[in-house]
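Please examine the structure shown below alongside the following explanation. The discussion begins at the ligand and then turns to the domains, the cores and selected strands and residues.

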Amino acid sequence: MKKYQVGIIGATGMVGQRLITLLHNHPWFDIALLAASRSSAGKTYEEAVRGRWMMKAPLPETVQAMMVCDAAEAETIAKAVDFIFCAVSLPKDETRAMEEGFARLGIPVVSNNSACRLVDDVPMIIPEINAEHAQMIKAQQQRLGTDRGFIVVKPNCSIQSYVPALHALMEFHPIALNVCTYQAVSGAGRTLANWPEMLGNVIPYIGGEEEKSEQEPSKVWGQLSADKDAVIGSHFPRISAQCLRVPVEDGHLAAVSVAFENPPTRAEILERWTHFHTLPQALKLPSAPDPFLIYLEEDNRPQPTLDAEAGHGMAITIGRLREDPLMDWRFVCLSHNTLRGAAGGSVLTAELLCAQGYITHRDKGENT
Ligand code: NAP
């Protein structure tokens, strides 16, 4: 198979580093270009991340000598890649301008950033849940004046554990959801070593996170409009979220209580979780976990240190299913925030978009 040539914008950051560990041996994708801010540009990748490589795996030799580009040089980047992953820390308006700039140059953008998540015609995809939202790409291309470029985003990392667990139960009509998330420091691009004030501490505020946790599921669960140019948000379940930062390196845990219109039995819930097979598994996408949802019977699971890496960090682990005295059921679930919740989720999304023909190989001479 001819591999796709891939650029990583924000390659030096937490998500960018994760992308490098996932892509350097990927069966479909070759890392063709690395870009970051002007302060990293012109350095080799090894120089640019010296003293701030945050992955447990060593820095892959194949990228060490690659020169980091300035992400502002969009036209040069567009000539070198079939598509890009984007994960940058910039104000929202600058991120949106950057992503739309690449799309207008004919480059598909698979984004980890939040800037375009609520833009009407930008699909916000969890591949196991709403792959069909990619049909909005055509309308977005018309708006941006391109027939090849587009932006697809993945949702916030905090929703990636409980939205899949509930999606498997949608036939019972969840109507109200109370969720408290316990989020790892890597979600802020940090480690416990470089964030010592987190040790032995909990910070009960993560800017913007509760709003995203309450709003984004509505778009993920929404229906495509008749013209396929927007998603009509789902009104249910209504969500109340509290998001806390805890002294954990990797893995966002969520404690969930949920009320249903037609409450399922315990056996029905476990059966739906066990047999939750969806498009990425059917297509055998390289990063698709199988199984996607894993129920753990032990009372003290899931735990970030034991379970965040389940399914190479792409599976969701669930435990402690029990009746809730106020709602119907409660449980705890966990996802790896920089794998499933960020880099891995965007790689799986890119695989889906390639398999469905939305991302193609750029012919020589295109995008010039
Ligand atoms: P990070 O570790 O702070 O890295 C930020 C990256 O952005 C670096 O590569 C940085 O390059 C680059 N950058 C900064 N200014 C830039 C500019 N003007 N032009 C181009 N690149 C620029 O942040 P992160 O945790 O990887 O997060 C990146 C994005 O992913 C954010 O939008 C975040 O919300 C989202 N996200 C993160 C997670 C997570 O778990 N960490 C999960 C989901 C989504 P330099 O090194 O050159 O400064």
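How many residues surround the ligand, and which are the closest? The model is a predicted one, and in it 28 residues surround the ligand, with Thr12, Val15, Ser37, Ser40 and Asn113 the closest. Several polar contacts to the ligand involve backbone atoms. For Gly10, a backbone N or O atom lies 3.2 Å from a ligand oxygen atom. A polar backbone atom of Gly13 is 3.1 Å from an oxygen atom of the ligand. Val15, one of the closest residues, places a backbone N or O atom 2.8 Å from a ligand oxygen atom.

The chain is divided into domain 1, which comprises 4–156 + 343–364, and domain 2, which spans 158–336. To the contact between them, domain 1 contributes 37 residues and domain 2 contributes 40 residues. Their centres, taken over C-alpha atoms, are separated by 24 Å.

The nonpolar interior can be read against this division. In soluble globular proteins, nonpolar side chains tend to be buried together. Here the largest nonpolar core has 56 residues, and the members that touch the most others are Ile9, Phe102, Tyr162, Val256, Trp273, Ile318 and Phe331. At least three residues of this core come from each of domain 1 and domain 2. Another core, of 42 residues, lies apart from it and includes Val15, Val152, Leu285 and Leu352.

Leaving out residues up to four places away in sequence, Tyr162 touches Leu177, Val179, Thr181, Ser213, Ala254, Val256 and Cys333.

Cys333 lies in β14 and stands opposite Ile318. Strand β13 (residues 316–323) and strand β14 (residues 329–335) run antiparallel and are joined by 5 bridges, while a hairpin of 5 residues connects β13 to β14. Strand β13 also pairs with strand β12 (residues 293–296), in the parallel sense and over 4 bridges. In that pairing, Leu296 stands opposite Gly319 of β13.

Two further residues can be followed in detail. Gly7 belongs to strand β1 (residues 4–9). Gly7 counts as buried because its relative accessibility is 0%, below the 20% limit for that class. Beyond residues up to four places away in sequence, Gly7 touches Leu33, Val81, Phe83, Ile84 and Phe85. The C-alpha atom of Gly7 is separated by 16 Å from that of Arg38, which stands 31 residues apart from Gly7 along the chain.

Is Ser346, in turn, buried or exposed? Ser346 has 1% relative accessibility and therefore counts as buried. Ser346 is placed in helix α14 (residues 339–355), and a polar atom of its side chain lies 2.9 Å from the backbone oxygen of Ala343. Apart from neighbours within four places in sequence, Ser346 is in contact with Leu19, Phe85, Val110, Asn112 and Lys154.

Definitions and conventions. Residues numbered from 1 in each chain as written. Predicted model: local features only at pLDDT ≥ 70, side-chain atom pairs only at ≥ 80, totals over all residues. Heavy atoms only, no water. Core = buried A, V, L, I, M, F, W, Y, C linked by side-chain atoms within 4.5 Å. Buried < 20%, exposed > 50% of the residue type's maximum accessible area, 1.4 Å probe, protein only. Domains from an automatic or database assignment. Contact = heavy atoms within 4.5 Å. Pairing = 2+ DSSP bridges. Helix = DSSP H or I, 4+ residues; strand = E, 2+ residues; numbered from the N terminus. Near = heavy atom within 4 Å. Polar contact = N/O pair within 3.5 Å; in protein donor to acceptor, adjacent residues only side chain to side chain.
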